[in-house]
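Please keep the model in view while reading.

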Amino acid sequence: MTDASRNIGWIGIGKMGLPMSALVAKAGYAVTAFDQSAARIAAAREQGISIAGSAAEAVRGRAAVITSLPDDAVLHAVMLGAGGIIGAMAPNSVLIETSTVSAEASSEVDAAARARDIAYLRAPVSGNASIVHTGALTCFVSGPKDEFEGLRPLFAAFTRAQTYLGPAEEARYAKLAVNLMIAVSAAMMAESLALARKGGIGWQDILKVLDDSAVASPMVKYKTASLRTRNFESTFSCKQMAKDLDLILGAGHAVGVPLHLAAQVRETYGAIVAHGDGETDFIATVRHLEKPSGLGEPDLGEPKL
């Protein structure tokens with residue numbers, strides 16, 4: 001890449017955006033970021049990230065712009081609202097959007113980008129805030145393939161693997177499909193663990209059973225590790241999962257796919273949020289089901305197995 005093409009604008013430096021942008025800077029790119037939060041701006045400065053005075057200033061003249069945003073509403077405001085960044089970006093630049101948002105909102109961004117000859121790559125990342133600093137995130141990519149191929153070194157700076165899926169909104173559907181399986185898995189683990197405990201199996205024993213069984217997926221093993229100590233500190237919150245399930249259900253309705261499990265699990269997360277536990281980790285489904293099952297806190301002693 002030329003020196004000019006190594007100048008990256010970055011919008012959104014929260015729990016995911018800040019460590020991702022820091023990895024890109026460490027890879028030798030000149031990163032200029034903007035965020036509405038003064039605390040996040042201060043944290044970015046500590047990481048050696050240059051800070052712009054506005055979103056427009058962060059993206060103006062940059063060869064590529066990366067965004068990490070919380071939801072559709074913020075995506076729309078940042079991209080298309082008054083002073084939106086697409087209007088400030090240079091023609092023939094590239095917009096890389098890493099958030100979990102709807103295909104509908106993403107399509108609006110695509111139309112606006114095309115009108116200004118900006119290449120738009122949808123690149124939602126998969127992983128969470130506990131691993132992002134290691135570069136272990138993966139991402140799904142859709143949009144202009146030639147632009148993606150030309151920017152592989154940039155993607156490799158903050159993700160370990162990238163899967164190109166097609167020219168339009170395919171990456172959005174891939175991310176929602178993966179998150180649907182994660183949400184349903186969390187609900188499944190809650191029921192399985194409660195049933196085992198009611199059957200007289202010790203807490204550490206049933207976690208070991210899951211780890212050694214046919215269902216021991218990477219996600220299951222990742223969560224049994226924190227469940228051993230009953231750690232419900234959020235890596236991805238119940239509130240965030242409820243938001244993603246809303247996107248999943250909306251996508252299903254839009255394309256005519258009945259999503260019965262998604263609807264049921266959305267109600268589970270809605271109940272958790274309503275009980276004031278929305279900021280706990282999404283695996284708090286386990287604790288949520290223990291209460292109506294007549295279960296208290298388990299003995300965290302050593303497994304018998």
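This is a predicted model: local features need pLDDT of at least 70, side-chain atom pairs count only at pLDDT 80 or more; totals for chains, interfaces and linings use all residues.

Residues are numbered from 1 along each chain as its sequence is written, and side-chain values use heavy atoms, with hydrogens and water left out.

**Helix packing**

Helices (H or I, at least four residues) and strands (E, at least two) are DSSP runs, numbered from the N terminus. Helix α9 spans residues 170-198 and helix α11 spans residues 218-227. Their axes come within 11 Å and cross at roughly 50 degrees. Axes are lines fitted to C-alpha atoms, for helices over the stretch in contact, and angles run from 0 to 180 degrees between N-to-C directions. α9 and α11 are therefore oblique to each other. Oblique covers what remains once angles under 35 degrees (roughly parallel), over 145 (roughly antiparallel) and 65 to 115 (roughly perpendicular) are set aside.

In the contact (heavy atoms within 4.5 Å), α9 contributes Ile182, Ser185, Ala186, Met189 and Leu193. From α11 come Met219, Val220, Lys223, Thr224 and Leu227. The residues of this contact divide into seven nonpolar, two polar and one charged. Here Ala, Val, Leu, Ile, Met, Phe, Trp, Tyr, Cys and Pro count as nonpolar, Asp, Glu, Lys and Arg as charged, and the others, Gly among them, as polar.

**A covered helix**

Buried means under 20% relative accessible area, exposed over 50%, and partly exposed in between (1.4 Å probe, protein chains only). Helix α10 (residues 203-211) is largely enclosed by the rest of the structure, because seven of its nine residues are buried. They are Trp203, Gln204, Asp205, Ile206, Leu207, Leu210 and Asp211. Their cover includes α9, α11 and α14 (285-290).

**Salt bridges**

The structure holds 14 salt bridges. Each is a side-chain nitrogen of Lys or Arg within 4 Å of a carboxyl oxygen of Asp or Glu. The table lists some of them.

| Pair | Closest N and O atoms |
|---|---|
| Asp35 and Arg40 | 3.6 Å |
| Asp110 and Arg122 | 3.5 Å |

Asp35 is buried at 8% relative accessibility; Arg40 is partly exposed at 40%. Arg114 and Asp110 both lie in helix α6, four residues apart, about one turn of the helix. Arg114 is exposed at 57%, whereas Asp110 is buried at 13%.

Which residues share partners with Asp110 in one network? Salt bridges join Asp110, Arg114, Arg122 and Glu169.
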